[in-house]
Amino acid sequence: MIMVFFTVSFLGAKETDTKKKIKLDKDQPIQIVSDRLDAYNEKKLVVFSGNAVATQGDKIIKADRLFLYYKKDPRVPEKTGAQDIGSAGDLEKIEAKGHVIITQGERVVTGNDAIFYQDTQKIIMLGNAVMREGRNVIHGDRIVVFLDEDRGVVESVEKSRVRATIYPEDNKEKKK
């Protein structure tokens, strides 16, 4: 496995601009629209299918299907049926499946599947993973973005390699 570590902001913004832009929005509400919603209270799962779009602050996740997993309350026995789908604050993770596009500002990450962890603000993009910001592009089999830390990791499988195309002149123009 080949890994490339990068600072997410290297793709465009100056460090001082990036520090101003980063703000934790995990407490903001998540708005989701789709063609269909299926709720499974006993599994603490809600499935949005058909052109599903989730928005939280400046993050947007688009996919064929979104699976929202809520934290189980250890104080409530599962067999009583008293478990209920929680509030957004109880959200554990969102799994996005099929034609996934995640945007935050100018940054766009695409792939086949993704997992967004609410508490840690971490995104894992799998399958044909590509990250773009402006004309800069990074390809890999798996991209992990740590939103709170403004950094990421790009990995490839054995017979593949990480590929990056960086336009240094774009960064110079933004500094002026």
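Glu95 comes out as buried, with a relative accessibility of 13% (buried is under 20% relative accessible area, exposed is over 50%, and partly exposed is in between, using a 1.4 Å probe on protein chains only). Lys97, by contrast, is partly exposed at 28%. The side chains of these two, Glu95 and Lys97, meet in a salt bridge with an N to O distance of 3.8 Å; the term calls for a side-chain nitrogen of Lys or Arg within 4 Å of a carboxyl oxygen of Asp or Glu. Lys93 joins in as well, so that Lys93, Glu95 and Lys97 are linked in a salt-bridge network.

A word on the model. It is a predicted one, where local features need pLDDT of at least 70 and side-chain atom pairs count only at pLDDT 80 or more, while totals for chains, interfaces and linings use all residues. Residues are numbered from 1 along each chain as its sequence is written, and side-chain values use heavy atoms, with hydrogens and water left out.

The protein chain has 2 helices and 11 strands, taken as DSSP runs numbered from the N terminus (helices are H or I, at least four residues; strands are E, at least two). Along the sequence they follow the pattern β-α-β-β-β-β-β-β-β-β-β-β-α. Of its 176 residues, 39% count as buried. Among contacts (heavy atoms within 4.5 Å) with a separation of 6 or more, 48% are between residues 24 or more positions apart.

Back to the salt bridges, of which the count is 8. One of them pairs Asp38 with Arg36, the closest N and O atoms lying 2.8 Å apart. Another joins Arg107 to Asp150 at 3.5 Å between the closest N and O atoms. Arg107 sits in strand E7 and Asp150 in the loop between E9 and strand E10 (151-156), so this pair ties together parts that are 43 residues apart in sequence. Both Arg107 and Asp150 are buried.

Next, the nonpolar core. The largest one has 28 residues, and Leu66, Leu68, Met125 and Ile143 have the most contacts inside it. Such a core is a set of buried Ala, Val, Leu, Ile, Met, Phe, Trp, Tyr and Cys residues joined through side-chain atoms within 4.5 Å. Two or more core residues come from each of the strands E4 (45-56), E5 (59-70), E6 (91-104), E7 (107-117), E8 (122-133) and E9 (136-146). Leaving aside residues up to four places away in sequence, Met125 touches a list that includes Val100, Ile102, Val109, Ala114 and Ile143.

The structure also holds 2 cavities of 30 Å³ or more. On a 1 Å grid over the protein atoms alone, a cavity is a set of points where a 1.4 Å probe fits but cannot get out, and lining residues have an atom within 4 Å of a point. Grid points are joined across faces, edges and corners, and the volume is the space filled by probe spheres set on the points.

Conventions:
On a 1 Å grid over the protein atoms alone, a cavity is a set of points where a 1.4 Å probe fits but cannot get out, and a pocket is an open set with protein on both sides within 12 Å along at least five of seven lines; lining residues have an atom within 4 Å of a point.
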